[in-house]
Every structure is written in structure tokens, then in C-alpha cells.
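Subject: Structure handover and notes

Dear colleague,

Please find the structure below. My notes come after it, and I would be glad if you read them with the model open.

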Amino acid sequence: MIEYFHRHLGAKLLLSYLAILTVGLVVLVVASQFLLPASFNRHMGGMGALMNQGMGMRMGGQGFGNAGAVSLYADFRAGFNEALLYAVIAAMAAAIMLSFLFSRRVVAPVRAMSRASQRIADGRYDERVEVNGEDELAQLAAHFNQMAEKLNRVESMRRHLIGDISHELRTPLTAIKGSVEGLMDGILPAAHETYQQIQVEADRLNRLVDDLQELSRVEAHAYQLDMRPLEVSSLVRTVTKRLAHQAGSKRISLNLELAPDLPRILADEGRVLQVLTNLTDNALQYTPEGGRVAISAKRINNNEVQISVRDTGIGIPAEHLSHIFDRFYRVDASRSRSRQAGGGSGIGLTIARALVEAHGGRIWAESAGEGQGSVFNFTLAVVK
Ligand SMILES: Nc1ncnc2c1ncn2[C@@H]1O[C@H](COP(=O)(O)OP(=O)(O)OP(=O)(O)O)[C@@H](O)[C@H]1O
Ligand SMILES: [Mg+2]
């Protein structure tokens, strides 16, 4: 019961009204009890004189009669009314004081939130309000703080993102500018190689802008997933066909390991192909010539199928494993950057993670360390 009042603002308000009412009533009763005799006595003093007068009159042959009774009643009423007036004033004063105290307790946190929201609107995202108790107002304050925290994170992400993007754009732009200036000054020969170098950097810029656009769309969920039942084996075959040429040119064997009784998954075909292509492309990119890449799929429980891309490539040191899905994160930026127009902006895995999570799945990487190869796994729901 006490817990209920503790947690509900409505119950607290009801209780405070009842408290005010009770205090008013108590003050009224107590005051009238003390005030009534005094004021009655004062009026009865007048009455005493009247009675004496009446007695004298009776001796003179006239009775106390009706007039005396009426006057007694009028005096009683006057005395009672006077007492009531003081009692009402005292009760009202007590009620006003109490309601002022109660309403201050309700209004104070609302005011604090109003001031804090104003400051947040002015860009001060570190603003927080105090959380007192457990009722609805306290919950509102807690949610308000969560909102402020989130705004703060988004704001700092935005600042970092702008910094990262400027940094990413600067590298190819500086290279292009350097090559063009070299050409103009005659330091670089006007040869095919120089132009090709410029084109490679321009392509990288292009890829980067495309990737960023895709990333912002994916992260903002500005796309619709077209969920359908899909055969995992045909998805995997599509990807191996797509990347067979790339694997062939590096003499990497690209194999499939599909469990025999694979159930169908519920997913958006285009998006799953995008994830799988991203992971396989990485595996081919980070595996030296003559290596092996295998795509496997198996059912891991009643609800999920796990698809894995395993390579015998350069591997990922343990300290980098938890970061590689972060935007722009590269284990070895110089090696990734030197890649020909293919990219290497460190966004591929971020997009893959956002897509898998949009499907309700998980994605993670494993690697025994540098030079030990890597495995990238993700899960998708099976069709019920
Ligand atoms: N199979 C892999 N083997 C070893 N390292 C990998 C592998 N896949 C990813 N990485 C590491 O994770 C980093 C992030 O990969 P991600 O795909 O996000 O970016 P990227 O390949 O550098 O660029 P892009 O955005 O063009 O894909 C890579 O730079 C690389 O260091
Ligand atoms: Mg990649």
C-alpha cells in the first residue's frame, strides 16, 4: 500500500488533498472548541445584564417572556458565528500553507526539467535533472536524463563523424592535388601512370562518398526490408559467382560448405547478398595469393542459421577485434588505403553490421591472431 503511494503521483495528490481536508477540519473543530466558550461567555455577559434587568421587571409585574428567549438564541448564534469565523480563518491558513508545500513538491521538478530542456535547446547537452523518488515525476526525470544522454552521444558522434569524413576526404584530395601540381610544374611526367594515379584517387573519393551515403541510409533505417523466405544455398552461390573472378585473379580457392538440411531463412535478398559480398570481398582482399576462402552455412538452433566466411589471410590481432565494425576503423590503415580503386575506407563492416542487426541477427568476427586467418559470422532467422 505504502509502496503504491510511493510510486503513483495521482495517489500522492489524492493523499495530499485528504491531508489538507483533514487538517482544515481538525483546525476548525479545535478552534471552535476553544473559541466558542469565550465568545459565548462574552455574549452571555450581555445576556446576564439583560436577565438581571428582566428579573427587576418581573418584580415590577412583567415576565421574562418570549423576548428573553429570542435574545438568548441571537446571542448564542452571534457567539457561534464569531467562533466559526476565526476557526475558518485558521483552517484556511493551515490548508493554504499545506497545499503550498505539496504543490511546491510537484512543481519544483517540473520547473527544473523545463529549465534543463531550455538549456539543452541552447546546445548544452551535459544538462541533467535530479531524480527524487520513484513516482511518475521521478520516472519522467529519469527519462529526461536518458534523452539528454542520448542527445549528447549523438552530438559527439556527429562531431567525430565530421572530423573522420574530413580526414578521409583530405587524403585522396591531397594526392590528386599533388599529382596535378606536379604535372603543371613539370615535375611529374604527363604519362599514362600519372593520370592513372589521379584516376585511382578520384575513384576512391567516389567510393567513399557512395559508401557514406549508403551508411547514412542504412543507419537511419531509411530503407524497407523486403523480407521473404530465401534458400541460403542459392544466396551463397550467387556471391561465389560474383567474386569468382576476383578470387581467380589472386589464385585464391573459393569453396562452399553447406549443411545438407539447411532451412530457408526470412530475409531481404538484396541486403543479405550485400552483407555476404562485403565479408567475402574482405576475405579475398585480406588473404594473400594462393590462400583459401570458404563460405559455410549451418543451422545453429531452432530459430537461426549461421553463415560464416573463413579465410587463411592476414588475421586480426585480438585488440582490434572489437573495433573492426566501427566506422572508418582499419587494422592497418596504410595497407588498406593502398588498395587499388577497390576502396578500403573502413565502412564495409559498419554497413554489414547495421544490415544484419536490422534483420534481427548478430554479426561477429573471430581470429586467432596475426597471420592466422579470420572468420566472420552472422546469423539470420529461419522461416517458421
Ligand atoms: N577477412 C579479414 N581479414 C583480416 N582483416 C580484416 C578482414 N575483414 C576486415 N578486416 C579488417 O577490418 C577493417 C574494416 O573492414 P571494412 O570492410 O569495414 O573496411 P575496409 O575493407 O577497410 O574498407 P571498405 O569500406 O572498402 O570495405 C579492414 O580495414 C581490415 O583491417
Ligand atoms: Mg571491406
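Conventions come before the findings. This is a predicted model, in which local features need pLDDT of at least 70 and side-chain atom pairs count only at pLDDT 80 or more, while totals for chains, interfaces and linings use all residues. Residues are numbered from 1 along each chain as its sequence is written, chains are lettered from A and ligands numbered from 1 in the order in which they are written, and side-chain values use heavy atoms, with hydrogens and water left out.

Ligand site

Ligand 1 has 24 residues around it, and those that come nearest are Arg207, Asn282, Ile347, Gly348 and Leu349. A residue is near a molecule or strand if one of its heavy atoms lies within 4 Å of it. By class, the shell holds 10 nonpolar, 10 polar and four charged residues. Here Ala, Val, Leu, Ile, Met, Phe, Trp, Tyr, Cys and Pro count as nonpolar, Asp, Glu, Lys and Arg as charged, and the others, Gly among them, as polar.

In the side chain of Arg207, an N or O atom is 2.6 Å from an oxygen atom of ligand 1. The side chain of Asp311 has an N or O atom 2.9 Å from a nitrogen atom of ligand 1. From Ser345 it is a backbone N or O atom that lies 3.0 Å from an oxygen atom of the ligand. Ligand 1 taken alone exposes 590 Å², and the protein buries 99% of that. These areas come from the Shrake-Rupley method with a 1.4 Å probe; for residues, only the protein chains shown count as cover.

Helix 5 (192-219), helix 7 (269-285), helix 10 (348-358) and strand 7 (374-381) are the elements that give two or more residues to the shell around ligand 1. Helix 7 gives the most, with three residues. Helices (H or I, at least four residues) and strands (E, at least two) are DSSP runs, numbered from the N terminus.

Helix 7 is mostly covered, with 14 of its 17 residues buried. Buried means under 20% relative accessible area, exposed over 50%, and partly exposed in between (1.4 Å probe, protein chains only). The end C-alpha atoms of helix 7 are 24 Å apart, which agrees with the 24 Å that its 17 residues should span at 1.5 Å a residue. The expected span of a helix is 1.5 Å times one less than its number of residues. At the start of helix 7, a side-chain oxygen of Asp268 reaches to within 3.1 Å of the backbone nitrogen of Gly270.

For helix 6 (residues 232-249), the 18 residues should span 26 Å, and the end C-alpha atoms are 26 Å apart. Even so, helix 6 has a kink of about 50°, centred on Leu243. The bend at a residue is the angle between axes fitted to the seven residues ending there and the seven starting there. Leu243 is also one of the buried residues of helix 6, along with Val232, Leu235, Val236, Val239, Thr240 and Ala247.

Single residues

Arg251 has a phi of about 55° and is found in the loop between helix 6 and strand 2 (253-258). With a relative accessible area of 57%, Arg251 is exposed. Phe328 has a phi of about 65° and sits in the loop between helix 8 (318-321) and helix 9 (333-337). At 8% relative accessibility, Phe328 counts as buried.

Gln306 lies in strand 5 (residues 304-311) and is buried, with a relative accessible area of 11%. Its side chain makes a polar contact of 3.3 Å with the side chain of Ser308, and a polar contact of 3.3 Å also joins the side chains of Gln306 and Asn377. A polar contact is a pair of N or O atoms within 3.5 Å; within protein, one must be able to donate a hydrogen and the other to accept it, and residues adjacent in sequence count only if both atoms are side-chain atoms.

Ser32 lies in helix 2 (residues 9-59) and counts as buried at 15% relative accessibility. Ser32 and Ala259 are 227 residues apart in sequence and 91 Å apart in space, C-alpha to C-alpha.

Regards
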